[in-house]
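Subject: Structure for you to look at

Hello,

Here is the structure I said I would pass on. My notes follow it.

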Amino acid sequence: ITGFTVLGRPLTLPPAGTPLTLRFRDNVLGFEFAAFDYAQPAHNQFRYRLVGFDETAQVMAGEHDITYTNLDPGHYVLEVAGSNDGVNWSAQPARLAFTVLPPPWRSWWAYIGYALGLLLGGMVLFHVYGRTVRRRQAYLDERNRRRWAEALHQLIQAVTVLEDEHAISACLLDSLMKFIEYDRSLFYVERENGLVLIGCRGGDAVEQLYHERWPSAHTEVALRLRHEREPRLLTPEEAATLEPSGQSPRHYLSVP
């Protein structure tokens, strides 16, 4: 190998065994060969292969230079053998190793930068998404508070003009649906002989009769709930007493 050019500029060949390092912009590489035959130099042939690019060796006669363009980043070795008759080739090919560096945007530190950028972008998107969700939830909470305040104001106005306790319980139970959805509601009032059911929603006539008798049939649970000062969720055992079948597929909230 007698000559080496990059983008048409000749470069000095390194010592044997010393690899070359080329930039990604050095995308036009030229190589020149020589084989010695003083009798018929025109019959000289060359067999070359760029390991890392060519799958098989190429043979050419009458020429002694080759060009490679736009090589991908990586490691390459040019191997060249000479012959003066096409049969007897040089025992050991000449070799020139070189490396084409990747462009900055394909280097290892660039990929680290990409990964960090994606991570940072994901964190920013997650933060923005979380803030959006919190704002949306705050908006919904505020809207619910206003809706509840309006419904409560209307309820108070409606109850104020009523005198019959059955009408009051009906108004309360119907308005309760604006605050919490339910399948069944029971309204008990205090009497001298215990709790009396004066209003209910959900259930048939048989269930209503069962709930009318519930305070006397389950005095311990009824007494426990009468002494409560705050709303609480009934235990599964307590809720089961409110089911005629004795099973408790529902959750009950006691509100004193």
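In which strand does Thr21 lie? Thr21 is part of strand β3, which covers residues 20-22. Please keep in mind throughout that this is a predicted model.

Thr21

Is Thr21 buried or exposed? Thr21 has a relative accessible area of 55%, and exposed means over 50%, so Thr21 counts as exposed. Leaving aside residues up to four places away in sequence, Thr21 touches Thr99 and Leu101.

Ser107

Ser107 sits in the loop that runs between β9 (94-100) and α1 (108-160). The relative accessible area of Ser107 is 8%, and the cut-off for buried is under 20%, so this residue is buried. From Ser107 to Glu192 the distance is 88 Å, C-alpha to C-alpha, and the two are 85 residues apart in sequence.

Helix α2

Helix α2 spans residues 165-176. Its twelve residues reach 16 Å from the first C-alpha to the last, close to the 16 Å expected at 1.5 Å a residue. Which residues of α2 are buried? They are Ile168, Ser169, Cys171, Leu173 and Ser175. The cover over these buried residues includes α1, β10 and β11.

Ser169 has a relative accessible area of 1% and is buried. Not counting residues up to four places away in sequence, Ser169 touches Phe187, Ile198 and Gly199. Ser175, also in α2, has a relative accessibility of 12% and counts as buried. The C-alpha atoms of Ser175 and Arg106 are separated by 67 Å, and the pair is 69 residues apart along the chain.

Helix α3

Helix α3 takes in residues 205-217. With 13 residues, α3 reaches 18 Å from its first C-alpha to its last, close to the 18 Å expected at 1.5 Å a residue. Where does α3 bend? The bend is at His211 and amounts to about 25 degrees, and a proline, Pro215, follows within four residues. His211 and Pro215 are also among the buried residues of α3, together with Glu207 and Trp214. The buried residues of α3 pack against β10 (185-191), β11 (194-201) and α4.

Helices α3 and α4

At what angle do α3 and α4 pack? The angle between α3 and α4, the latter being residues 219-226, is about 85 degrees, and their axes are 6 Å apart. Angles of 65 to 115 degrees count as roughly perpendicular, and α3 and α4 are therefore roughly perpendicular to each other. On the α3 side, the contact is made by Trp214, Pro215, Ser216 and Ala217. On the α4 side, Thr219, Val221, Ala222 and Leu225 take part. Sorted by class, this contact has six nonpolar residues, two polar ones and no charged ones.

Regards

Technical notes
Residues numbered from 1 in each chain as written. Predicted model: local features only at pLDDT ≥ 70, side-chain atom pairs only at ≥ 80, totals over all residues. Heavy atoms only, no water. Axes fitted to C-alpha atoms, helices over the stretch in contact; angles between N-to-C directions. Helix = DSSP H or I, 4+ residues; strand = E, 2+ residues; numbered from the N terminus. Parallel < 35°, antiparallel > 145°, perpendicular 65-115°, else oblique. Contact = heavy atoms within 4.5 Å. Nonpolar A, V, L, I, M, F, W, Y, C, P; charged D, E, K, R; others polar. Expected span 1.5 Å × (residues − 1). Bend = angle between axes of the 7 residues up to and from the residue. Buried < 20%, exposed > 50% of the residue type's maximum accessible area, 1.4 Å probe, protein only.
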